[in-house]
Amino acid sequence: MTAGQRIGVYPGTFDPITLGHADIIRRGAKLVDRLIIGVTTNISKSPMFSPEERMDMVRREVTAMGIDNVDVVGFNALLMRFAEKQGASVIVRGLRAVADFEYEYQMAGMNQQLNANIETIFLMADVSLQPIASKLVKEIALFGGDIANFVSPTVRDDVMARIEQTGRLGEY
């Protein structure tokens, strides 16, 4: 890390990484000198991929985007502790809808109480990407739907390969 460098953290489960995530990464990377994608585990989200698989997926997608000021780091800790350890001054969060804002606003307030020196910035998802959520992408794929409009071709292949291992749901 270079002194005076503005470091941002974009945390998430990225299970799987979607075109919406990629949009926030691309735009967030322009706002900081270094953007750290913090891949975390949220067991309440029923992960399809292991943390290592998700980190590899995110690294591959970032490389394909040609962004060189982004690092991918796994973490399983309080976000503010992770951000402090990374030397971050900014948390980047993507918003899709009003429901996201209410949750994220509350989280930003709590995080500010933990460390007032780290700001949270919100980036609105591109209008065409607003409905995309990893949870819905997984559900569509599990029931045999086409997810090509929501993820990159390589992530689509990863999801479909996993479903081939675990099996589809419902009638199709």
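Colleague: What makes the place where Pro16 lies a loop between E1 and helix H1?
Modeller: Pro16 falls between strand E1 and H1 (19–29). Helices (H or I, at least four residues) and strands (E, at least two) are DSSP runs, numbered from the N terminus. This is a predicted model, where local features need pLDDT of at least 70, side-chain atom pairs count only at pLDDT 80 or more, and totals for chains, interfaces and linings use all residues. Residues are numbered from 1 along each chain as its sequence is written, and side-chain values use heavy atoms, with hydrogens and water left out.

Colleague: What kind of peptide bond joins Asp15 and Pro16?
Modeller: A cis one, with omega at about 0°.

Colleague: Why is Phe14 called buried?
Modeller: Buried means under 20% relative accessible area, exposed over 50%, and partly exposed in between (1.4 Å probe, protein chains only). Phe14 has 1%, so the label buried applies. Phe14 sits in that loop between E1 and H1 too, and its phi is near 50°, a positive value in a residue other than glycine.

Colleague: Which residues does Val58 contact, beyond its neighbours within four places in sequence?
Modeller: Phe14, Ile17, Ile37, Val39 and Val72; contact means heavy atoms within 4.5 Å. Val58 is also one of the residues that touch the most other members of the largest nonpolar core, which has 32 residues. Such a core is a set of buried Ala, Val, Leu, Ile, Met, Phe, Trp, Tyr and Cys residues joined through side-chain atoms within 4.5 Å. Among the elements that each supply at least two residues to this core are H1, E2 and helix H2 (51–65).

Colleague: How do you know that E4 and E5 pair?
Modeller: Two strands pair if DSSP finds at least two bridges between them. E4 (residues 90–95) and E5 (residues 119–124) have six, in the parallel sense, so they qualify. Leu95 stands opposite Met124 in E5. E1 (residues 7–12) and E4 also run parallel, joined by two bridges, and so they meet the cut-off of at least two.

Colleague: Why are E3 and E5 described as standing at the edges?
Modeller: The open sheet of five strands has the order E3-E2-E1-E4-E5, with parallel pairing. E3 (70–75) and E5 each have a single partner strand, so one side of each is left without a neighbour in the sheet.

Colleague: What makes the β-α-β unit of E4, helix H4 and E5 right-handed?
Modeller: A crossover is right-handed if, with the strands pointing away from the viewer, the path from the first strand over the helix to the second runs clockwise. The unit of E4, H4 (residues 98–114) and E5 is right-handed, so its path runs clockwise in that view.
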